[in-house]
Structures are given as structure tokens and as C-alpha cells.
Amino acid sequence: MPQGSIISPILSNIYLDKFDKYMQNYKESFDKGNKRKQNKEYKALYDRRKRLENKLSKTTNKIEIDDIKSEIEEINKRYFNIPCLNPMDENFKRIQYVRYADDFIIGIIGSKADAEKVKQDIGQFIKSELNLELSDEKTLVTKSTDRAKFLGFDIRVTPGSNHTKRTKAGIKARNFGGHVRLELSTSTIQNKLAELGALRIKNLNGKEVWFPKERTELISRTNLSILDQYNGEIRGFCNYYRIANNSSKLHKFRYIMEYSLYKTLACKYRTKVTDIITRYRTDKDFGISYTDKNGNNKTRLLWKDSLARKEFPQCDNADVIHKQKFYLKKPTLGLRLKNNKCEWCGKETNNLKVYQVKKLKDLTDEYAWHVFMKSINRKTLVICNECFEKINNSNEE
């Protein structure tokens, strides 16, 4: 089976299903405790600060007020540097396993010894049950604040720090520590550009400087084919990495690719980049004109979509495409009757009736069908005989 084949992930899922079940059982035996214990030092400082604030509210002596404020300020300096919960609580442990095809990552709340043991146990299981071996080069034990590679991203947890900012309520709070970040590394961009042959690196005054490079292997193609090649490569890379917290780095990738396109076309026509930009400028964009199979004149533009970070779904059903509701969005009453489906229970029948109210504003939240009618902005509901009887009987009660 060649590496990168479209069937490889399917075969990986089938073969590693046993490993998934093993990790599920391992998690059940590893996880421990409901929550971390409170940090005693943090609690002592918190109580001391509260007592001082209470004393401050009752004091009128200016010298004493200044002394109390000074002490509170000193406490705050230590307070914001101490975690509120004990990060090394031995009675609280968690393990989280995520796999995609043959690549997986495991997050552990616990000691380094716990992480080493998990690695050893996994290695033994994979070798004895699946006849596979872990790669020593890729299977590493790292701190959460260090970067771990997974599916092309660098994953890390931001360290706790004393940086604070005001919340919406005006309270000073620490908001920078303990967040999981997906990051796009400079080396990933560099390797991709080098793989595509669009990058030339020069050493200027001891610094590596990136320059776009023409791709001579493409100059025998048509202009439209060259543009399509670049568009596909830019769009694919940028859309994949747009969920990264530092997605702004994609601007550098797109800039190099854009000017690599200009240099490739300039090489093809033996002219300057500025001439190419002027020749194919379409308003503020760059585009190639062509005639489609129907004889229509069209222009295909260089891909310039937004590179702002794209939030990704956080729910379990992120990959589920929900079906549309069975009622039509803008139908006439006649079409709704011809649909032969009860709009309340979904039953398919050609024996339908129309339940109607005079005004939408008269509907209340007392009945579920009233709520439904308000949500679809209709005064009528096409329903079967059974639903019609139930609704009428409920209205009469």
C-alpha cells in the first residue's frame, strides 16, 4: 500500500480499533479524583487580603490606610503568581487520547513518572497485540508548555503567568495561563514552500531572508492552468491552518506564493514582474481571462480570501451534517398540502387538514405547536387527522 493512499486512513481505523478500546479501558483505570485540591498558600493569601480589605473599609486614619493599601499591594504581587489549585495534587489525574489515522497524541494530568509509564504500557501493548513498534523519534514525553507536533500543528499549553487584565466586570484577573493553543510553525511554512519550489533563501548579514522563486516546471502550461495550480495550493494550505491561533503567519505563505506566481509568468514571457502585474490587473485583483466551453468570456482571480482565524466546532457532532426540517421554507398552502406530510409529527399521508389561527401575536408558549408556528412564522399548520384531533382536544380543555 503506497503511503498517502486514500484507503490508508480506513485501514488504519480498522487495524487500530483494538488500540482505541485499550486506551478507553486504560483511561477508566488511570483517571482519579473529581477536582484538584485548593492551594494552601493561595488560600492563606486570599483570606489575609479579605481581612485587610475589611479592615480598610472601617479605618479612617490616613497613615493606617496607606499601610494597609501597601500591604494589600504586596500580597497581590504574590497572589497573582500562585495557582489557586494545587497543580501537583497526586489525588487528581486525567488522561486524554486523540487519534487520526495512524497519528495520535495523549495528554496527561499527572507526574512525569506517570507519563513514562503510560508510554511504556502503550509500547508493550502495540508490540504484543498489534505487532507494531512506536517510533522513538516521534513518541516523546514533553511538558504541556513545550510544543508537541500533531497533524502538522504545534500544540502547547500557555504557562501560568502574572500578566493580568480587567474583565468586563472591571475585576483584575489572570487570563493568559492554561489555554491550549494550536500554532503554525515557521518551519512548517518554510518546508511547504520549499516542497512546492516557490522559495529561495538567502543569507544576508547572518540572517535568513525569504524570496519568492519562479517555478520553471510550470511555464509550459497555459496561464489559466498555472493560476489554478497556485490557487489550489494556496487555498488548501491556508484553509487547513486557519484554525491555528497564530493564523496571521499565513500572510507570509500567501505573499511568497503570490509573487512566485508573478515570477513564473514573468519567466514564461521573459519580462518583469511589474509588467505581469500591470498586464493581468483586474481592478484591485490579479486575474486571468479565458473563454469557457459555452463561448462566454470570464476571469479567474488569484485566491485572496480572509486569513483571519476560523473557529472550529467544539461539540461531539462537529462532522454531522444535519438534515433539513421536513417542512418547505417558502411554499404556498397548496404546495404544502401536496407534500403529503404532517408538519407536526412527520407522518406521510394524503389525508391532511389545516389548523389555523387568526393572528401570530395571539399565540402563546402554552402549547408546543404554537411555539412551532411562531418559529416558522406561519398562521397555518398542515397536519394529519390524529394531530388535528389532539390539538383541538387540548384547546378545548
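**Notes on the predicted model: salt bridges, a pocket and a few loops**

1. Let's start with glutamate 129, which counts as partly exposed because its relative accessibility is 40%, a value between the 20% and 50% cut-offs. Keep in mind while reading that this is a predicted model. Glutamate 129 has a salt-bridge partner, lysine 18, and the N to O distance between the two side chains is 3.1 Å.

2. How many salt bridges does the structure hold? The count is 26.

3. Take glutamate 183 and arginine 147, whose closest N and O atoms are 2.9 Å apart in a salt bridge. Here again distant parts of the chain are linked: glutamate 183 is in strand E7 (residues 180–183), while arginine 147 is in the loop between H5 and strand E3 (148–150), 36 residues away. Is glutamate 183 buried or exposed? It is buried, because its relative accessibility is 6% and the cut-off for buried is under 20%. Arginine 147, on the other hand, counts as partly exposed at 49%, which sits just inside the partly exposed range because exposed starts over 50%.

4. That pair belongs to a wider set. Arg147, Arg156, Arg181 and Glu183 form a network joined by salt bridges. If you want to find Arg156, look in strand E4 (residues 153–157). Arginine 156 has a relative accessibility of 16% and therefore counts as buried. While you are there, check threonine 145: its C-alpha lies 5.3 Å from that of arginine 156, although the two are 11 residues apart in sequence.

5. Another salt bridge joins lysine 149 to aspartate 154, with 3.2 Å between the closest N and O atoms. Aspartate 154 is a buried residue, because its relative accessibility is 9%. Lysine 149 turns up again below, as one of the residues lining a pocket.

6. On to the second largest pocket, which has a volume of about 200 Å³. Its lining is made by Lys149, Gly152, Ser187, Thr188, Asn191, Lys192, Glu195, Gly236, Phe237, Tyr240 and Tyr241. Which elements give two or more residues to that lining? They are helix H6 (186–196) and helix H7 (223–241). H6 makes the greatest contribution, with 5 residues. By residue type, the lining splits into 5 polar, 3 nonpolar and 3 charged.

7. Ile6, Ile7, Ile10, Leu11 and Ile14 make a nonpolar surface patch of about 530 Å². Isoleucine 7 sits in the segment before helix H1 (8–15).

8. Asparagine 205 has a positive phi, near 55°, and is not a glycine. You'll find asparagine 205 in the loop between strand E8 (199–204) and strand E9 (207–212). At 83% relative accessibility, asparagine 205 is exposed, because the cut-off for that class is over 50%.

9. The other one is asparagine 340, where phi is also positive and near 55° in a residue other than glycine. Asparagine 340 is placed in the loop between helix H10 (333–338) and strand E13 (352–356). Buried or partly exposed? Asparagine 340 counts as partly exposed because its relative accessibility is 32%.

10. Last stop: glycine 110, in the loop between strand E2 (103–109) and H5. With 39% relative accessibility, glycine 110 counts as partly exposed. Phenylalanine 92 is 18 residues away from glycine 110 along the chain, and their C-alpha atoms are separated by 7.6 Å.

Conventions:
Residues numbered from 1 in each chain as written. Predicted model: local features only at pLDDT ≥ 70, side-chain atom pairs only at ≥ 80, totals over all residues. Heavy atoms only, no water. 1 Å grid on protein atoms, 1.4 Å probe; cavity = no way out; pocket = protein on both sides within 12 Å on 5 of 7 lines; lining within 4 Å. Points joined across faces, edges and corners; volume = space filled by probe spheres on them. Helix = DSSP H or I, 4+ residues; strand = E, 2+ residues; numbered from the N terminus. Nonpolar A, V, L, I, M, F, W, Y, C, P; charged D, E, K, R; others polar. Patch = residues over 30% accessible without salt bridge, like charges linked within 9 Å, V, L, I, M, F, W, Y side chains within 5 Å. Areas by Shrake-Rupley, 256 points an atom, 1.4 Å probe, with all protein chains shown as cover. Salt bridge = Lys/Arg side-chain N within 4 Å of Asp/Glu carboxyl O. Buried < 20%, exposed > 50% of the residue type's maximum accessible area, 1.4 Å probe, protein only.
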